[in-house]
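Subject: Structure handover

Hello,

Here is the structure I promised to pass on. Please open it first, then read my notes below.

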Amino acid sequence: MNHEFYMARALQLAELGRYSTSPNPRVGCVIVNNGEIVGEGWHQKAGEPHAEVHALRMAGDNARGATAYVTLEPCSHHGRTPPCAEGLIKAGVARVVGACSDPNPLVAGRGYNLLRDSGIEVITPCLETQAIDLNKGFMQRMRSGMPWVRAKLAQSLDGRTAMASGESQWITGAAARADVQRLRAQSCAVITGAGSVLTDNPSMTVRPAETGIEQEQRLWRQPLRVIIDGQQRLSGNEQIFSLPGDILLAVSDAARCKVRRAESLGTLSIWQAPLTMANKVDLSALLAELGERGCNEVLLESGAQLAGAFAAAGLINELVLYCAPTILGSEARPLLSLGLERMQQQLRWQWQDVRMVGGDLKLVLTPDA
């Protein structure tokens, strides 16, 4: 039996949950009996049935003696839904092919062992690299408590992100901005700084109509908007506080925070952040807090100062850079504020993807190990 063929289909199904499953992982399941797909499903939303449940319902009695292909180790614990490993056992499947193990301490091998103890053949891994990549935020959070940090920046050909005045709308074209909407949609949280809020007056929301994604209305969600305001510069009258969606405001002194939102447009949480020796908000502590809140992937959308601080601290896992065919000049603002002085201080990156998005170039990079 061509296990990779059916696992590839399961991964296609799992991909359908890219924008909706958080904080749960994206999972797909395919059930095959006598060389024919008799059931398939994907996890759509946290709190709702897992992929295996949907596939088993579709398969019905045809699941008995069949092979189940699952993109992540079936869960073995009781959460908001029953254990999927038990469901596969009760359905009478003969074999389970798993793409990869689940690093969640509540699962972590127990699901596969439960299946084996029940006489079910378990084959793993299968297309492991692709499965891990689909859930790299979940995997990282389960292993380290920290979310996957994706920094989004847009620059001119000469590496500038805004004019000296801060004016930056728009460097890139409509296609690149729609692509950013999709990045937001798959993120659990979007991080920016008070300076960007004051200069750009952003919404930091997902606008479904601009994503080009066809998805049920009930599956759309807004990411948590995280604003770092270490100097208590925000008043609460900024546009971002009047828009629907939850906000986490990271401040250095909660007692001096001027933002007190009364509108019922979402929750406002004021988080007093630990400070570094330089009296700055501790970015590692902020990411750990977001991990505690169930954030798998976060999107950093900020100016050069905050982006530079994340880069200098080694906290960026992935850089998404949109390069527009324009020149802003030497007085314009740089991509990152890092203050490097010697070549040995340079931060090197590895190319992961290069493609055109409309009239702009999209570059995806990860830190050089």
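Start with the nonpolar cores. The largest one has 42 residues, and Met 7, Ile 31, Val 96 and Leu 115 touch the most other members. Helix α1, residues 3–15, gives the most to this core, with 6 residues. Keep in mind that this is a predicted model.

Leaving aside residues up to four places away in sequence, Leu 115 touches Pro 74, Ala 85, Leu 88, Ile 89, Val 96, Ile 120 and Val 122. There is also a second, separate core of 33 residues. Val 149, Leu 287, Phe 310 and Leu 321 are included in that second core. As background, nonpolar side chains tend to be buried together in soluble globular proteins.

**Strand β6**

Next, look at β6, residues 148–155. How many residues of this strand are buried? The count is 8 of the 8, so β6 is largely enclosed by the rest of the structure. In a regular strand the side chains alternate between the two faces of the sheet. In β6 both faces are covered. One side carries Trp 148, Arg 150, Lys 152 and Ala 154, and these are all buried.

Which strands does β6 pair with? One is β12, residues 297–300, which runs parallel to β6 and is joined to it by 4 bridges. Here Val 149 stands opposite Val 298. Val 149 is also one of the members of the second core. Another partner is β13, residues 318–323, again parallel, with 6 bridges. There Gln 155 stands opposite Cys 323.

**Strand β8**

Now move to β8, residues 189–193. This strand is mostly covered, with 5 of its 5 residues buried. Ala 189, Ile 191 and Gly 193 point one way. Val 190 and Thr 192 point the other way.

β8 also has parallel partners. It is joined to β9, residues 224–229, by 5 bridges. The bridge partner of Gly 193 in β9 is Ile 228. β8 pairs with β12 as well, in the parallel sense, over 3 bridges. In that pairing Ile 191 stands opposite Leu 300.

**The annotated site**

What does the record say? The unreviewed UniProt entry lists His 50, Cys 75 and Cys 84 under "binding site". These positions are spread over 35 residues of sequence, yet they cluster in space, with a largest C-alpha distance of 9.3 Å.

His 50 is in the loop between β2 (36–42) and α2 (51–59). Is His 50 buried or exposed? Its relative accessible area is 19%, and the cut-off for buried is under 20%, so His 50 counts as buried.

Cys 75 is in the loop between β3 (67–70) and α3 (84–91). Cys 75 is buried too, at 8% relative accessibility. Its contacts, not counting residues up to four places away in sequence, are His 50, Pro 82, Pro 83, Cys 84, Ala 85 and Val 107. That list includes His 50 and Cys 84, which are both named in the UniProt entry.

**Aromatic rings**

The structure holds 2 aromatic pairs. Phe 5 and Tyr 6 form an edge-to-face pair, 5.1 Å centre to centre, with 85 degrees between the planes. Phe 5 is exposed, with a relative accessible area of 53%. Tyr 6 is buried, at 10%.

Tyr 6 and Tyr 69 form a tilted pair, 5.4 Å centre to centre, with 35 degrees between the planes. This pair links distant parts of the chain: Tyr 6 is in helix α1 and Tyr 69 is in strand β3, 63 residues apart. Tyr 69 is buried, with a relative accessible area of 0%. Together, Phe 5, Tyr 6 and Tyr 69 form one aromatic cluster.

Best wishes

Note on methods
Residues are numbered from 1 along each chain as its sequence is written. This is a predicted model: local features need pLDDT of at least 70, side-chain atom pairs count only at pLDDT 80 or more; totals for chains, interfaces and linings use all residues. Side-chain values use heavy atoms; hydrogens and water are left out. Buried means under 20% relative accessible area, exposed over 50%, partly exposed in between (1.4 Å probe, protein chains only). Helices (H or I, at least four residues) and strands (E, at least two) are DSSP runs, numbered from the N terminus. Two strands pair if DSSP finds at least two bridges between them. A nonpolar core is a set of buried Ala, Val, Leu, Ile, Met, Phe, Trp, Tyr and Cys residues joined through side-chain atoms within 4.5 Å. Contact means heavy atoms within 4.5 Å. UniProt positions are given in the numbering used here, feature names are shortened, and annotations may be inferred rather than shown by experiment. Rings of Phe, Tyr and Trp (its six-membered ring) pair if their centres lie within 6.5 Å; planes under 30 degrees apart count as stacked, over 60 as edge-to-face and the rest as tilted.
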